[in-house]
Amino acid sequence: MKYLRLFRNFYFTSLVMLFAWLGFFELNSIPDQIGNWFKLQELKSQKEYYQDQIESLKKEQASTLGSDKLMEKYAREKYFMKKDSEDVFVLVDAKGEPFEK
């Protein structure tokens with residue numbers, strides 16, 4: 001009886017309905033906010049991964065562009081570049097992919 005009397009009060013009922021509406025039916029409801037928080041954590045971890053990849057690529061670039069011999073070696077290994085007077089043989093697997101990428 002005591003709880004039933006509370007729901008007869010217009011202001012209490014309106015406040016409960018408002019919280020229910022904001023909590024579950026609104027565009028930025030509580031379940032949506034929780035989902036957004038988990039997605040934010042996933043994106044932060046991806047950001048850290050990509051920043052590590054960028055750092056390793058910058059180190060590789062600095063070591064490669066250090067001299068002409070290193071740049072030529074990198075181009076030959078990664079992009080199969082050759083001089084005009086050379087022949088290059090690329091070993092491929094059954095799928096037609098080179099063994100080293």
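Reply: Start with accessibility: buried means under 20% relative accessible area, exposed means over 50%, and partly exposed is in between (1.4 Å probe, protein chains only). Bear in mind that this is a predicted model, where local features need pLDDT of at least 70, side-chain atom pairs count only at pLDDT 80 or more, and totals for chains, interfaces and linings use all residues. Residues are numbered from 1 along each chain as its sequence is written, and side-chain values use heavy atoms, with hydrogens and water left out.

Me: Okay, so why is Glu-72 called partly exposed?

Reply: Glu-72 has a relative accessible area of 36%, so it counts as partly exposed.

Me: What makes Glu-72 and Lys-83 a salt bridge?

Reply: The term asks for a side-chain nitrogen of Lys or Arg within 4 Å of a carboxyl oxygen of Asp or Glu. In this pair the closest N and O atoms are 4.0 Å apart, and Glu-72 forms a salt bridge with Lys-83. By this rule the count comes to one salt bridge. Glu-72 lies in helix α4 and Lys-83 in the segment after α4, so the pair ties together parts that are eleven residues apart in sequence. As for Lys-83, its relative accessibility is 45%, so it counts as partly exposed.

Me: How do you know that the length of helix α4 agrees with what it should be?

Reply: Helices (H or I, at least four residues) and strands (E, at least two) are DSSP runs, numbered from the N terminus. The expected span of a helix is 1.5 Å times one less than its number of residues. Helix α4 covers residues 68–79, so its twelve residues should span 16 Å, and its end C-alpha atoms are 16 Å apart, which agrees. After α4 comes Phe-80, with a positive phi near 55°.

Me: Why is the pair of Trp-37 and Phe-38 called edge-to-face?

Reply: Rings of Phe, Tyr and Trp (its six-membered ring) pair if their centres lie within 6.5 Å; planes under 30 degrees apart count as stacked, over 60 as edge-to-face and the rest as tilted. A search of the whole structure finds four aromatic pairs. For Trp-37 and Phe-38, the ring centres are 5.2 Å apart and the planes are at 75°, so this pair is edge-to-face. Tyr-49 and Tyr-50 also form an edge-to-face pair, with 5.2 Å centre to centre and 65° between the planes.

Me: And what makes Phe-38 exposed, but Trp-37 partly exposed?

Reply: Phe-38 has 52% relative accessibility, so it counts as exposed. Trp-37 is at 48%, so it counts as partly exposed. Tyr-49, at 47%, also counts as partly exposed.

Me: Why is Tyr-11 called exposed?

Reply: Its relative accessibility is 66%, so Tyr-11 counts as exposed. Tyr-11 lies in helix α2 (residues 10–25). The C-alpha atoms of Tyr-11 and Leu-91 are separated by 79 Å, and these residues are 80 apart along the chain.

Me: What makes Ser-63 partly exposed?

Reply: Ser-63 has 43% relative accessibility, so it counts as partly exposed. You'll find Ser-63 in helix α3 (residues 30–64).
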